[in-house]
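Colleague: I am new to this structure and would like to learn how to read its features. Could we go through them in turn?

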Amino acid sequence: ILEGQLWADVAVEFSSWQMVVHNGECCVMVRLTKLDSANWWGLPFKPGKFETRRVAKLRAPDREQQAAEPTRESGDGESQFFVDALMLTDITGKGIGYIAKRDFKKGEVLLREASFCFSDAQGIEFVDMAAQHKSKADSPLYEEVMSLSVADGRERSMMEVLQSNAIHCSRENKYMALFPKTSRFNHSCCPNAFVDATHMQATVRALQDIASGEEVSISYIPLNTSRADRQKLLWQRGFTCTCLRCKAEARFDPYIAVRCGCGKTNFRIGTTRAQRCRVCDGVFDGEKSLKQLQEVRAMNDFTMSEEATVLQPLDLATRLEPMVRAAEAQETLLPRQHVEVQQLINNFANTHFLAATTTPGPHVETSLESFCEYKGQALASSDETYGRWTNQRDLNLFTAFYVALMADQFPEGRGEELRVRLADSCELHFGVSHVPSELLGG
């Protein structure tokens with residue numbers, strides 16, 4: 001496989017990947033089961049069916065790239081901590097955190113650390129890790145672990161330490177793990193560093209150039225969501241984020257913003273007070289806007305339902321099209337950056353891909369063009385919403401780009417542009433120019 005080219009066979013369900021031999025060639029088989037909030041960017045599907053088709057040719061990573069990936073050797077929390085790199089100190093308004101002791105270049109490794117404990121026992125992961133933690137009471141790191149921060153007002157205990165500091169592993173999201181030194185990084189919704197983690201090891205890389213004396217921060221949560229949703233997630237960890245992005249989005253949150261038809265004013269959904277454009281004197285109907293957004297959410301739910309599987313792809317595209325056109329309109333009442341609107345556009349693209357690849361007819365060329373146009377819009381919308389704040393990208397965007405490129409239907413120039421962007425982003429986050437196999441279920 002390393003020497004040759006890798007063909008990808010994509011099935012109609014997405015839950016696991018496996019390597020198979022097909023007509024004497026190595027293939028990747030993908031099973032799509034349900035496009036939920038974590039993986040809705042994937043290829044279109046019909047639940048319950050397993051149909052395999054060849055859609056793309058991809059080059060396998062070379063040996064040099066594979067060798068560059070982090071090792072998975074565990075060492076009871078041992079770390080490669082660069083003494084000239086980071087200093088642990090009090091950060092105003094945040095407690096203890098790291099500042100850079102020297103200048104760092106974008107992509108540079110700041111810290112490598114083995115996990116102290118980990119678990120994939122979903123639902124009881126903290127209980128599982130607490131048992132491991134207790135068994136390591138003689139470890140030299142035990143006291144350090146027990147000194148980690150807990151949420152304000154909560155009694156310090158092993159469970160509280162784990163709940164406040166364990167993270168979902170970026171490469172293996174089913175795992176949670178505790179990395180004691182990595183836990184000292186403070187959170188920001190516009191982070192300048194990223195934690196590339198398996199359940200065995202974490203590698204922290206700079207997402208941008210970092211100047212000496214600057215705080216180094218990571219994100220504890222996904223970033224492609226509204227300020228209100230981010231604050232709800234962070235409140236579970238016992239704090240409110242006051243980063244530059246959160247302060248700016250308190251005044252204007254693009255996820256809930258609707259631009260006036262004149263293009264000069266932004267309205268905000270979620271408020272009952274009357275809103276009027278100061279430029280054109282147009283009035284925004286917030287109640288109608290919320291109703292349309294609820295209709296979009298209902299259509300997205302329908303697209304994922306069993307009921308939708310009995311429809312022909314073109315029929316489903318016809319149902320989706322009026323809402324897509326409403327979102328595109330100059331005087332739309334829908335917030336274009338809202339995750340439900342992004343999902344609607346993505347579902348429309350996926351449906352056209354199914355129509356082009358499963359139903360012969362004169363529509364095939366037009367459907368492929370629609371797939372390229374709207375898949376590109378969906379990816380760009382997600383990528384650009386928080387791109388001005390940070391170089392970090394949520395993990396589902398990596399698999400989204402990968403699966404979209406597997407379809408191999410983009411115009412040559414556009415496809416190459418997306419491949420370069422994906423490779424650059426992978427290099428920045430993971431230290432390799434391809435999507436790590438763990439993210440693809442490998």
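Colleague: Is strand E7 (residues 109-114) mostly covered or mostly uncovered?

Modeller: First, the basis. This is a predicted model, in which local features need pLDDT of at least 70, side-chain atom pairs count only at pLDDT 80 or more, and totals for chains, interfaces and linings use all residues. Residues are numbered from 1 along each chain as its sequence is written, and side-chain values use heavy atoms, with hydrogens and water left out. Buried means under 20% relative accessible area, exposed over 50%, and partly exposed in between, with a 1.4 Å probe and protein chains only. Helices (H or I, at least four residues) and strands (E, at least two) are DSSP runs, numbered from the N terminus. Strand E7 is mostly covered, with five of its six residues buried.

Colleague: What share of the residues of the protein count as buried?

Modeller: Of the 442 residues, 53% count as buried. The protein has 12 helices and 18 strands.

Colleague: Which strand is joined to E7 by bridges?

Modeller: Two strands pair if DSSP finds at least two bridges between them. E7 is joined by five bridges to strand E13 (residues 201-206), and the two run antiparallel. Within E13, Thr203 stands opposite Arg112.

Colleague: What is the order of the four strands in the open sheet with mixed pairing?

Modeller: The order is E5-E6-E14-E11. Strand E5 (86-91) and strand E11 (186-187) are its edge strands, each pairing on one side only. E5 and strand E6 (residues 95-100) run antiparallel and are joined by six bridges. Thr89 has Gly97 in E6 as its bridge partner.

Colleague: What is the order in the open sheet of three strands?

Modeller: That sheet has the order E8-E10-E9, with antiparallel pairing. Three bridges link E8 with strand E10 (residues 176-178), and Leu178 in E10 is the bridge partner of Cys117.

Colleague: Which helix packs on that sheet?

Modeller: Contact means heavy atoms within 4.5 Å. Axes are lines fitted to C-alpha atoms, for helices over the stretch in contact, and angles run from 0 to 180 degrees between N-to-C directions. Helix H2 (residues 125-135) packs on the sheet and touches E8 and E10; its direction makes about 150° with that of E8.

Colleague: At what angle do helix H5 and helix H6 pack?

Modeller: Helix H5 (residues 227-235) and helix H6 (residues 244-251) pack at about 135°, and their axes are 10 Å apart. Angles under 35 degrees count as roughly parallel, over 145 as roughly antiparallel, 65 to 115 as roughly perpendicular and the rest as oblique. H5 is therefore oblique to H6. Arg227, Arg230 and Gln231 of H5 make the contact with Arg245, Cys246, Glu249 and Ala250 of H6.

Colleague: How many residues of helix H11 are buried?

Modeller: In H11, 11 of the 12 residues are buried, among them Phe398, Tyr402 and Met406. Just after H11, Asp408 takes a positive phi of about 55°.

Colleague: Where is Asp281 placed?

Modeller: Most residues other than glycine have a negative phi, and most peptide bonds are trans. Asp281 has a positive phi, near 70°, and lies in the loop between strand E17 (275-276) and strand E18 (283-284). Asp281 is partly exposed, with a relative accessible area of 48%.
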